[in-house]
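Have the viewer open as you read.

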Amino acid sequence: MSDLLNPMPAFSGLHPLPGRLTGARVEARARANVIIPFATAKPIAPGSTYPAGAFCSTCGLCDTPFIASVATACAFLGDGMARLDALEPALHGRPRDTSGEEAQLGVIQDHFYARAVPSVPGAQWTGIITALACSALESGLVDAVACVAGQPDDPLSPRPLLARTPAEVRSAAGVKPTLSPTLELLPEIVESVKAGSIARLLFIGVGCQVQALRAVELSLGLEKLYVLGTNCVDNGTRAGLNTFLEAASASPATAKHYEFHVDYRVHIVHADEAATPTERIPYFSLPASKLTDVIAPSCYSCTDYANGGADCVVGYMGAPYGGDATPMRSSWQHVVVRNGRGAELVGGLAGRKGSGGGPALETRPVVSSGSRTALVKATVEADDAARRGEGPRSPMPAWLGTILARLLTAFGPRGIEFARYSVDYHALRNFLYIRRHWAKGGGLGGPSSKAGSPPPLPAGVRAIVESYDRDGWVTKLLEADPGPGPPSRVVRKGRTREGWWVGGGRDKSL
Ligand code: FAD
Ligand code: SF4
Ligand code: SF4
């Protein structure tokens, strides 16, 4: 092992959730403490740069008085996503075991494939998330659900919603594949707790949102918080989504859902499936030169694809491909239960028979086959070459890309091994990005680490980087290309709750 990881500051050790360890007394103290530290703090002013600068994922925290906690909550400041190392034992009862699949997937109490039957209309896949959230509301497990609906005039733009009814939860079905300021719901949650209308909450979110939420959890005054997560990688702004759809799809205006599926093709589902059937474009046939600036700097810097701080996580990357005859709305997904709260969430639906009250959860055991390592290295190297402008001049023809995708689907990593491939690749790519951009940034644009000092990594990502650097492979990539420095900062410009993306954006002048 080289000294690649040695310059990183040791994890400083936080105490994010003392209430979990000492029970009701601390919970009560936290409830008594509701909003006192936050009452006087002012949300970030329009025109100001978010504290994490270029690396802000606009999670919403700084648009509320909870900005007072930004230094210890933000996934891109200070210890950042390495806070997971202390969070996981506090939340799940033990740290992840980085010697096996938990390095990629986080703490696993139980995991399986599942699908909601019948599928939920409008859902991204079969609607497991929506069905679990509705079941939690209907059974009284929770009083409200923090989720992300779409804007009335733009269904793919996020509109954070504190849903009180199953109908409201169902209205939020489907992924809005853009950065979402979900934590701007925090003041509404606190007000509802004070008013007595919410005591138990279900929060649906991605890793960066969940980590910030965990840091302020005890200040919300909730009796109980459940967190239902999704996997998340390669997200970006609404403008970036447009760029992607215009480059990838023959009908960008009608696109409703898209996923980088496990068959090495992007599946784009359209609003009227009869008029515009699902497009399946091989990854290798995407016009890479038109896709720069699609992924946000935050998401290139993200080290929590698996959403380690959630109680239960739903994603597709661990499930095998069901064939072209199996659309996303009937495909299996991968569910990871991390602790007892996650089991409570899933238990409500698993026991249901599907009659008179929404879908049931069909389940089956996970599978894993193939080997990921060579493909991970090839993908990272191809990515690096493309970034330096040394990749192929034009994308692979669709027919050839389709053959390659079919071969990889048949003979490459499948099931859990595919999930590990995907996490390894993104962890390594993002590690290189962090080293090339953050270290050179010297703290400009958000990361609070000292000049030339990149942020610490969570144990899972450290283990992944170490395993690929045993022969110095990662070190060589870094030495060959030390990187260009920091990207532009994220600035708040006159945003309103109902018009998140109007006027917001990145300040290119910096
Ligand atoms: P649904 O029942 O349709 O529910 C989707 C839920 O997602 C809704 O409740 C809504 O509140 C929430 N949501 C929508 N948009 C956002 C947003 N922008 N931020 C936070 N929450 C949101 N899985 C993988 O395996 N690999 C990936 O790379 C991957 N990337 C993802 C990126 C994003 C931004 C999101 C939100 C999810 C991603 N997922 C990924 C998870 C996957 O796409 C599905 O969300 C998940 O499998 C659940 O499917 P479903 O049919 O049960 O969801
Ligand atoms: Fe604030 Fe951005 Fe960090 Fe969220 S990601 S806490 S909005 S700086
Ligand atoms: Fe947040 Fe990471 Fe998803 Fe980006 S990729 S939205 S930083 S969880």
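**Around ligand 1**

A backbone N or O atom of Ile 129 sits 2.9 Å from an oxygen atom of ligand 1, a polar contact (a pair of N or O atoms within 3.5 Å). Bear in mind that this is a predicted model, where local features need pLDDT of at least 70, side-chain atom pairs count only at pLDDT 80 or more, and totals for chains, interfaces and linings use all residues. Residues are numbered from 1 along each chain as its sequence is written, chains are lettered from A and ligands numbered from 1 in the order in which they are written, and side-chain values use heavy atoms, leaving out hydrogens and water.

From the side chain of Gln 333, an N or O atom lies 2.2 Å from an oxygen atom of the ligand. The protein covers 97% of the 890 Å² of accessible area (Shrake-Rupley, 1.4 Å probe) that ligand 1 has on its own.

In total, 32 residues surround ligand 1, each with a heavy atom within 4 Å of it. Which helix gives the most to this shell? That's α6, with 3 residues; helices here are DSSP runs of H or I, at least four residues, and strands are E runs of at least two, numbered from the N terminus.

**On to ligand 3**

Here the surroundings include Phe 76, Asp 234 and Cys 302. Both α9 (207-216) and α11 (297-300) supply at least two residues of the shell.

Conventions: Polar contact = N/O pair within 3.5 Å; in protein donor to acceptor, adjacent residues only side chain to side chain.
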